[in-house]
Amino acid sequence: KYSHGETRRSFRQGQDLERRRPKRGQFNPGDTILVMIKKLLKSIRIPIFVTIGFFITGLLLGIVAPENIKLKLFSFISDIFTDFNIQEPNVLFRQIISQNLKASIIAIILSLTIIGPLITLLFNGMIIGVISDVYLRLSTLDPELVLLYIIAIVPHGVIEIPATIATSLMGFLMGLKIYLGRKIFPEMSRI
């Protein structure tokens with residue numbers, strides 16, 4: 001049997017353990033990287049769904065947009081790409097990277113408006129939707145265009161689209177944090 005003092009001491013030690021235990025969503029010092037990533041993604045799952053939703057909405061809007069809007073977007077895209085040096089692959093790669101960095105910086109700067117990064121994501125989705133619609137319509141005339149479309153979009157889809165979504169998510173989260181402060185993500189308020 002324990003004496004009264006030993007029981008009280010063990011009770012106090014239990015309270016100390018409770019105080020040291022991190023709250024739900026906070027990181028433990030002993031957590032692995034995967035556990036921390038899982039907790040982070042769980043804590044920002046709603047903004048992730050919102051940003052992906054804006055991109056998909058833009059994609060669908062680009063596909064079903066009226067023809068006059070598609071022509072304006074397509075001429076805008078072709079104006080951007082006329083400056084690109086298609087003959088030199090290294091130069092083209094640098095030009096595309098620089099264009100994407102500009103778009104990412106704009107998305108982060110627009111975080112001051114909260115909705116700005118989401119609008120840039122919506123616009124990027126619309127551009128991809130318009131290009132997809134044009135290629136899919138032309139592929140009925142020439143089936144080889146489907147292969148050209150896949151070659152053009154797959155590298156874009158593997159690297160650029162997730163990077164664009166991640167950058168817009170960062171800008172959106174920064175805007176939320178600036179305007180809502182501790183009300184959103186209180187466990188990350190010390191950052």
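Residues are called buried under 20% relative accessible area, exposed over 50%, and partly exposed in between (1.4 Å probe, protein chains only). The structure is a predicted model, in which local features need pLDDT of at least 70, side-chain atom pairs count only at pLDDT 80 or more, and totals for chains, interfaces and linings use all residues. Residues are numbered from 1 along each chain as its sequence is written, and side-chain values use heavy atoms, with hydrogens and water left out.

The protein contains 7 helices and 0 strands. Both kinds of element are DSSP runs numbered from the N terminus: helices are H or I with at least four residues, strands are E with at least two. The order from the N terminus is α-α-α-α-α-α-α. Of the 191 residues, 26% are buried. The accessible surface is about 13700 Å², and carbon and sulfur atoms hold 69% of that surface. Areas were computed by the Shrake-Rupley method with a 1.4 Å probe; for residues, only the protein chains shown count as cover. A contact is defined as heavy atoms within 4.5 Å. Among contacts with a separation of 6 or more, 69% join residues 24 or more positions apart.

The charged groups come next. The whole structure holds 3 salt bridges. A salt bridge here is a side-chain nitrogen of Lys or Arg within 4 Å of a carboxyl oxygen of Asp or Glu. One of them pairs the side chains of E67 and R137, at 3.1 Å from N to O. E67 sits in helix α4 and R137 in helix α6, so this pair ties together parts that are 70 residues apart in sequence. Both ends are partly exposed: E67 has a relative accessible area of 44%, and R137 has 46%.

K70 and D133 form another salt bridge, with the closest N and O atoms 2.3 Å apart. This pair also links distant parts of the chain, K70 being in helix α4 and D133 in helix α6, 63 residues apart. K70 and D133 are both buried. The side chains of D133 and K70 also qualify as a polar contact at 2.3 Å. That term covers a pair of N or O atoms within 3.5 Å; within protein, one must be able to donate a hydrogen and the other to accept it, and residues adjacent in sequence count only if both atoms are side-chain atoms.

D133 lies in α6, which spans residues 116-139. Its relative accessibility is 10%, so D133 counts as buried. With neighbours within four places in sequence set aside, D133 contacts I63 and K70. D133 also forms a salt bridge with R137, where the closest N and O atoms are 3.2 Å apart. D133 and R137 are separated by about one helical turn, because they are 4 residues apart in helix α6. Through shared partners, the salt bridges join E67, K70, D133 and R137 into one network.

Nonpolar packing was examined through cores. A nonpolar core is a set of buried Ala, Val, Leu, Ile, Met, Phe, Trp, Tyr and Cys residues joined through side-chain atoms within 4.5 Å. In soluble globular proteins, nonpolar side chains tend to be buried together. The largest core has 6 residues: L73, I77, M126, I127, V130 and I131. Helices α4 (67-82) and α6 each supply at least two residues of this core. The largest share, 4 residues, comes from α6. Beyond its neighbours within four places in sequence, L73 contacts F123, M126, I127 and V130. Another core lies apart from this one and has 5 residues, among them L121, I128, I161 and I165.

T51 is placed in helix α3. T51 is buried, with a relative accessible area of 0%. T51 and S168 are 117 residues apart in sequence, yet their C-alpha atoms are 7.1 Å apart in space. A polar atom of the T51 side chain lies 2.9 Å from the backbone oxygen of I48.

Helix α3 (residues 45-64) also holds V64. V64 is exposed, with a relative accessible area of 63%.
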